[in-house]
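Dear colleague,

I am handing over the structure below, and would ask you to keep it open while you read. My notes on what was found follow directly after it.

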Amino acid sequence: MTTFLRRKTPELLMIGLTLLLFLSVFILFDLPLDVYIIAASIVLFISVIYWIIAFITFKKEMKLADELRENQALLKQLRNEHNDYRDEVESYFLLWVHQMKTPITAVKLLLEHPDDDMISLVRQEVLQIDNYTNLTLSYLKLMNTTTDMTFSQVKLDDLILPLLKKYSILFIHYHTKLHYEPIDDFVLTDARWSSIMVEQLLNNALKYARGGDIWITFDNREHQLDIRDNGVGISDTDLPKIFDRGFSGFNGRLNDKSSGLGLYITSTVGRRLNQPVTVKSNAGQGSTFTIHFKSPQSNLSFL
């Protein structure tokens with residue numbers, strides 16, 4: 001309203017001055033004031049109608065201007081998000097290509113002198129290629145916020161046993177001992193995404209507990225799945241950041257196969273499924289990663 005009046009101030013002054021001028025003329029020449037009053041009333045009436053129409057038009061213009069500013073702000077936000085998405089994808093794929101070159105080169109060299117030991121090593125490198133590829137696909141799907149997640153009752157053994165079979169070659173090669181008893185309990189989750197979570201935690205344990213022990217246990221009262229190892233552990237300075245995207249920490253810098261995305265994906269999936277992941281660790285004493293599942297009877301609002 002204030003803006004509108006400020007815009008119409010010159011018109012108001014012009015009409016006021018005009019009416020004042022005519023009043024002076026009527027008084028100076030001793031003309032009938034009744035005629036002046038009638039004429040002034042007509043002028044004021046027409047002016048009021050004009051101002052009402054002008055005010056309605058002004059309100060519409062202001063509304064359109066606000067919508068335009070909002071759309072411009074939204075467009076800028078979408079453009080920035082698109083640029084961030086593009087930069088993120090580009091940077092990750094540069095990292096992915098760099099990491100893929102290592103096992104591919106290793107496979108080529110190993111195949112030049114094939115024997116039983118070489119075949120075992122080739123299988124390990126192929127497993128790493130498979131893991132990097134699955135990690136990339138999972139990362140791209142996570143970046144799409146519309147990715148569906150389907151919840152159902154899932155038997156934990158059905159999640160874990162295929163992964164143990166898949167990674168058995170690494171357990172054997174690195175002489176890592178597995179402590180695992182069949183888990184017949186059910187949890188409410190998305191089987192595919194939970195399998196990704198367990199795989200990344202298992203792969204992480206195998207990476208940093210070579211020649212040590214790995215325990216996989218489930219607390220059916222708290223509905224918590226623990227993946228524990230007695231490997232190198234995590235320092236106090238790295239521990240708060242291990243779930244950050246791209247963070248590999250001191251141990252990761254010592255291991256050229258660390259992408260810094262496995263734990264980030266695990267944590268992000270956990271939030272999406274409303275089954276968070278926590279960690280307890282001390283440097284040199286191993287780590288325990290815990291997935292906090294919900295019971296099959298839970299009535300949940302999933303993210």
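**Thr189 and its surroundings**

The side chain of Thr189 makes a polar contact of 2.9 Å with the side chain of Gln275, where a polar contact is a pair of N or O atoms within 3.5 Å, one of which, within protein, must be able to donate a hydrogen and the other to accept it, residues adjacent in sequence counting only if both atoms are side-chain atoms. Another polar contact, of 2.5 Å, joins the side chains of Thr189 and Ser194. Please bear in mind that this is a predicted model, in which local features need pLDDT of at least 70 and side-chain atom pairs count only at pLDDT 80 or more, while totals for chains, interfaces and linings use all residues. Residues are numbered from 1 along each chain as its sequence is written, and side-chain values use heavy atoms, with hydrogens and water left out.

Thr189 belongs to strand S3 (residues 186–189); helices (H or I, at least four residues) and strands (E, at least two) are DSSP runs, numbered from the N terminus. With a relative accessible area of 0%, Thr189 is buried, a word that stands for under 20%, with exposed for over 50% and partly exposed for in between (1.4 Å probe, protein chains only). Leaving aside residues up to four places away in sequence, Thr189 touches several residues, among them Thr150, Phe151, Leu273 and Phe293, contact being heavy atoms within 4.5 Å.

**The sheet**

The protein chain has eight helices and seven strands. Five strands form an open sheet in the order S2-S4-S5-S7-S6, with mixed pairing, and two strands pair if DSSP finds at least two bridges between them. Its edge strands, which each pair on one side only, are S2 (177–180) and S6 (277–281). S2 pairs with strand S4 (residues 213–219) in the parallel sense over four bridges, and His179 has Trp215 in S4 as its bridge partner. Helix H6 (residues 191–208) packs on the sheet and touches S4, strand S5 (224–229), S6 and strand S7 (287–292), its direction making about 20 degrees with that of S5; axes are lines fitted to C-alpha atoms, for helices over the stretch in contact, and angles run from 0 to 180 degrees between N-to-C directions.

**Rings and loops**

How many aromatic pairs does a search of the whole structure find? The search finds one, rings of Phe, Tyr and Trp (its six-membered ring) being paired if their centres lie within 6.5 Å, with planes under 30 degrees apart counted as stacked, over 60 as edge-to-face and the rest as tilted. The ring centres of Phe243 and Phe289 are 6.3 Å apart and their planes stand at 85 degrees, so the pair is edge-to-face. Phe243 lies in the loop between S5 and helix H7 (249–254) and Phe289 in strand S7, so that the pair links distant parts of the chain, 46 residues apart. Both Phe243 and Phe289 are buried.

Two loop residues other than glycine deserve a look. His223, in the loop between S4 and S5, has a positive phi near 55 degrees and is buried, with a relative accessible area of 19%. Asn274, in the loop between helix H8 (262–273) and S6, has a positive phi of about 60 degrees and is partly exposed, at 26%.

With kind regards
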